[in-house]
Amino acid sequence: MPIKEEKLRRYFWDTDFSTLDTEKDKRFIVERLLELGDESSVEWLRKEFKNQELLEVLGRARNISKKSRRFWNLALNR
């Protein structure tokens with residue numbers, strides 16, 4: 001499913017935003033928004049994906065800093 005939130009375009013400057021798919025590109029989208037997103041983008045992310053999905057991506061993520069990984073593990077495991 002394509003991303004319909006235009007406000008998220010700024011986080012995907014290096015790819016064709018119109019082709020991003022929340023199912024096919026889930027890992028890429030989740031990694032990018034957990035690492036760089038602001039409050040509203042993370043709010044969208046948490047509505048779009050279940051906490052378990054976010055934790056699964058977080059567990060395999062290569063593009064999330066240690067600091068962000070620790071924070072999100074704490075925040076999502078509440």
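This is a predicted model: local features need pLDDT of at least 70, side-chain atom pairs count only at pLDDT 80 or more; totals for chains, interfaces and linings use all residues.
Residues are numbered from 1 along each chain as its sequence is written, and side-chain values use heavy atoms, with hydrogens and water left out.

By that criterion Leu54, Leu55, Val57 and Leu58 of α3 are buried. Viewed down the axis of α3, these buried residues fall within an arc of 165° (taken from the directions from the helix axis to the C-beta atoms), so they line one face of the helix. Gly59 and Arg60, on the other side of α3, are exposed. The cover over the buried residues of α3 includes α1, α2 and α4, where contact means heavy atoms within 4.5 Å.

## Packing of α3 with α4

Helix α3 (residues 51-60) packs with helix α4 (residues 66-76) at an angle of about 155°, their axes lying 10 Å apart. That makes α3 roughly antiparallel to α4, a term for angles over 145 degrees. On the α3 side, Asn51, Leu54, Leu55, Leu58 and Gly59 meet Arg69, Trp72, Asn73 and Leu76 of α4; the residues of this contact divide into five nonpolar, three polar and one charged.

## Packing of α1 with α2

Helix α1 (residues 26-36) and helix α2 (residues 39-48) pack at about 145°, with axes 9 Å apart. Ile29, Val30, Leu33 and Leu34 of α1 make the contact with Ser41, Val42, Trp44 and Leu45 of α2.

Methods
Axes are lines fitted to C-alpha atoms, for helices over the stretch in contact, and angles run from 0 to 180 degrees between N-to-C directions. Helices (H or I, at least four residues) and strands (E, at least two) are DSSP runs, numbered from the N terminus. Angles under 35 degrees count as roughly parallel, over 145 as roughly antiparallel, 65 to 115 as roughly perpendicular and the rest as oblique. Ala, Val, Leu, Ile, Met, Phe, Trp, Tyr, Cys and Pro count as nonpolar, Asp, Glu, Lys and Arg as charged, and the others, Gly among them, as polar. Buried means under 20% relative accessible area, exposed over 50%, partly exposed in between (1.4 Å probe, protein chains only).
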